[in-house]
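Subject: Structure handover

Dear colleague,

Here is the structure I said I would pass on. My notes on what was found in it follow below.

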Amino acid sequence: MFLKQRLALYLLLIRWDRPAGTYLLLWPTLAALWLAAGGYPGWHLLFVFVMGCFLMRSAGCVINDVADRDFDRHVKRTAQRPLALGLIKPTEASGLAAVLAWLAFLLVCTTNLMTVLWSIGALIVTLIYPLTKRFLAMPQAILGVAFSLGIPMAFVAVQGQVPWVALWWWLGNLFWVLAYDTEYAMVDRDDDLRIGIRTSAITLGRWDVVGVMIFYTFSLVFWGVAGLAMGLLWPYFVSLGTAAAMACRHFSLIRNRSREGCFRAFTLNHWLGLMLWLGVMASQALA
């Protein structure tokens, strides 16, 4: 019974019941993997990056909860998390995060040295991100870096280098993270203001909705440039247009700044990322 209870708490810590965050990390990384390989990258790299995204997102959730445990109990959305309730000790949760990160590192070690070095950088950014909410006006930018590092890692794992055209895909992803995580921050704005957490939603103030839509615009423009630079075919641009339509819908969801609408907008983002990956695969299939 004890082990069953601990397992249930661990699953809550890694957001097993909320896989949207894993998808947000996974889809653009897989798209980069397909771009780097010019098509299907093979089962080995596919397994490494799928499992790596799951493990690192899980570890990141635990690290974030350890760092924010004293804040989470004062926020409506996070008050019931295991660490906020004191159901798990910080040292125990930190041990879980270390195991998850170590498993991800072992996977990366089956690729090449450059990918291993990039993975160390990704871990450092993951550790730093929760702390930036104390002093950085827009910590979502650091999360954007963390959630975009799978892109250069994919190119390095396949090609042994990061070509300059990959920068456009990386920038598109960075602005996409800024868009959806600002929507996420809008859910908790009242609580964050009260407890002193800094977020992009607070920094943007009454320009938050405009800021989100500008972030989406930049992400789509950079992804369009990436598609042109990489010679992608028409299916990709159809998918990009569909993604743009999805982003436009978010305006109606967040314009009133309701908690429900903003959270709904955030959760829908993984469909946008999936659409881009499908577009890349379809384009590569026709090439």
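Tryptophan 176 and tyrosine 180 both sit in helix H10, which covers residues 166-187, and they are four residues apart, about one turn of the helix. Both tryptophan 176 and tyrosine 180 are buried. Please keep in mind that this is a predicted model. The two residues also belong to an aromatic cluster, whose members are Trp169, Trp176, Tyr180, Tyr184, Trp223, Tyr236, Phe237, Phe263 and Phe266.

Aromatic pairs

In total, the structure holds 20 aromatic pairs. One of them is formed by tryptophan 16 and phenylalanine 54, edge-to-face, with 5.9 Å from centre to centre and 80 degrees between the planes. Tryptophan 16 is in the loop between helix H1 (2-13) and helix H2 (20-37), while phenylalanine 54 is in helix H3 (residues 43-67), so this pair ties together parts that are 38 residues apart in sequence. Tryptophan 16 has a relative accessible area of 55%, which is over the 50% cut-off, so tryptophan 16 counts as exposed. Phenylalanine 54, at 23% relative accessibility, is partly exposed. Tryptophan 176 and tyrosine 180 make another edge-to-face pair, with 5.0 Å between the centres and 85 degrees between the planes.

The chain as a whole

The protein chain has 15 helices and zero strands. Its radius of gyration is 19 Å, close to the 19 Å that the globule rule gives for 287 residues, so the chain is as compact as a globular protein of that length. Along the principal axes, the C-alpha atoms of the protein chain fill a box of roughly 55 × 45 × 35 Å. Of the 287 residues in the protein chain, 54% are buried. Among contacts in the chain with a separation of 6 or more, 75% are between residues 24 or more positions apart. The accessible surface of the protein chain is about 13,000 Å², and carbon and sulfur atoms account for 71% of that surface.

Asparagine 64 is located in helix H3. Its relative accessible area is 13%, and asparagine 64 is therefore buried, the cut-off being under 20%. Apart from neighbours within four places in sequence, asparagine 64 is in contact with Arg81, Tyr129, Pro130 and Lys133.

Alanine 97 belongs to helix H6, residues 90-108. With 6% relative accessibility, alanine 97 is also counted as buried. Not counting residues up to four places away in sequence, the residues that alanine 97 touches are Ala59, Val62 and Ile63.

A surface patch

Which residues form a nonpolar patch on the surface? They are Leu113, Met114, Leu117, Ile120, Ile124 and Ile128, and together they have about 550 Å² of accessible area. Isoleucine 128 is in helix H7, which spans residues 113-132. The relative accessible area of isoleucine 128 is 42%, so this residue is partly exposed.

Regards

Methods
Residues numbered from 1 in each chain as written. Predicted model: local features only at pLDDT ≥ 70, side-chain atom pairs only at ≥ 80, totals over all residues. Heavy atoms only, no water. Phe/Tyr/Trp six-rings, centres within 6.5 Å; stacked < 30°, edge-to-face > 60°. Helix = DSSP H or I, 4+ residues; strand = E, 2+ residues; numbered from the N terminus. Buried < 20%, exposed > 50% of the residue type's maximum accessible area, 1.4 Å probe, protein only. Contact = heavy atoms within 4.5 Å. Patch = residues over 30% accessible without salt bridge, like charges linked within 9 Å, V, L, I, M, F, W, Y side chains within 5 Å. Areas by Shrake-Rupley, 256 points an atom, 1.4 Å probe, with all protein chains shown as cover. Salt bridge = Lys/Arg side-chain N within 4 Å of Asp/Glu carboxyl O. Rg over C-alpha atoms; globule rule 2.2 N^0.38 Å.
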